[in-house]
Amino acid sequence: MADSKRFSIVMTVYDAANELESNLPAFLGQDYGEGYEVVVIDESSADETADVLKRFKADHANLYTTFLPKPDRKVTRLRLALTLGVKASKHEWIVFSDIGNVPLSEQWLSEIAGAASYPTVLMLGYQRPKKGDMRLQTFTDVDDAGFIIGKTERLRANGHKGRLLRYVRGKYDFIVVRADKGHDALRYFEKSLHGRRLLGRRIHVMFHNLFH
């Protein structure tokens with residue numbers, strides 16, 4: 001285990017029983033010993049999500065689940081759920097992921113651990129299924145990544161899942177952040193961007209990622 005770094009993989013789900021059945025084993029089956037946990041927040045699912053999670057918990061001691069009543073505003077719900085996940089996390093690094101972004105191998109977490117070193121406090125992860133690997137974009141300050149997080153989470157909240165030029169456009173698959181900076185990263189999940197501000201943010205992200 002790289003430098004004994006420990007991780008909490010945090011994700012929210014809603015009516016995701018089938019995805020959990022198919023994809024959760026890839027998160028729980030990482031070749032990383034006892035150095036990580038998976039925290040799943042169920043946002044008031046109406047399907048069999050709760051039952052599926054209960055079955056997985058019976059076989060996996062590193063799976064922790066909790067429940068969040070469903071507020072009205074979608075973006076607020078996501079931030080509230082992830083905030084709950086941060087509070088429930090036990091380890092020094094947090095990975096904000098999604099049940100649909102399946103780790104490409106059992107070494108996924110080990111690769112992340114290899115890059116989680118001082119002075120890095122946050123990483124954006126871009127999975128590349130065709131190449132079977134991923135790209136990690138590192139930051140030494142959470143605010144330096146804020147313009148990418150704000151843009152991407154705004155689009156994600158509106159169902160945007162485009163794959164074209166994903167790295168250049170900042171469409172990452174997961175965030176890795178030091179636990180003491182977890183709440184700082186979540187501040188950018190509710191940034192309101194419209195019109196010229198959104199266009200300016202897109203241009204900023206593209207130029208930044210083209211030359212870094």
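In the predicted model, the buried residues of helix H1 are Ala17, Leu20, Asn23, Leu24, Phe27 and Leu28. These residues lie on the same side of H1, because the arc they cover around the axis is only 145 degrees. Exposed residues Asn18 and Ser22 are carried on the face of H1 turned away from its buried side. The packing partners of the buried residues of H1 are S1, S2, H2, strand S3 (63-67) and H4.

The largest nonpolar core comprises 30 residues, and those with the most contacts inside it are Phe7, Ile9, Leu24, Val38, Trp108, Leu109 and Ile112. At least two residues of this core are supplied by each of strand S1 (7-13), helix H1 (17-28), strand S2 (36-42), helix H2 (49-59), strand S4 (93-96), helix H4 (108-115) and strand S7 (174-178). H1 provides the largest share, five residues. Apart from this core lies another, of 26 residues, which includes Leu82, Phe96, Leu122 and Val142.

The surroundings of Val38 were also examined. When neighbours within four places in sequence are left aside, Val38 is in contact with Ile9, Met11, Leu24, Phe27, Leu28, Asn62, Leu63 and Tyr64.

For the protein chain overall, eight helices and seven strands are assigned. Of its 212 residues, 48% are buried. Among contacts between residues at least 6 apart in sequence, 76% join residues at least 24 apart. The accessible surface of the chain comes to about 10,700 Å², and carbon and sulfur atoms account for 50% of it.

Terms used. Residues are numbered from 1 along each chain as its sequence is written. This is a predicted model: local features need pLDDT of at least 70, side-chain atom pairs count only at pLDDT 80 or more; totals for chains, interfaces and linings use all residues. Side-chain values use heavy atoms; hydrogens and water are left out. A nonpolar core is a set of buried Ala, Val, Leu, Ile, Met, Phe, Trp, Tyr and Cys residues joined through side-chain atoms within 4.5 Å. Buried means under 20% relative accessible area, exposed over 50%, partly exposed in between (1.4 Å probe, protein chains only). Helices (H or I, at least four residues) and strands (E, at least two) are DSSP runs, numbered from the N terminus. Contact means heavy atoms within 4.5 Å. Accessible areas come from the Shrake-Rupley method with a 1.4 Å probe; for residues, only the protein chains shown count as cover. The arc is that of the directions from the helix axis to the C-beta atoms.
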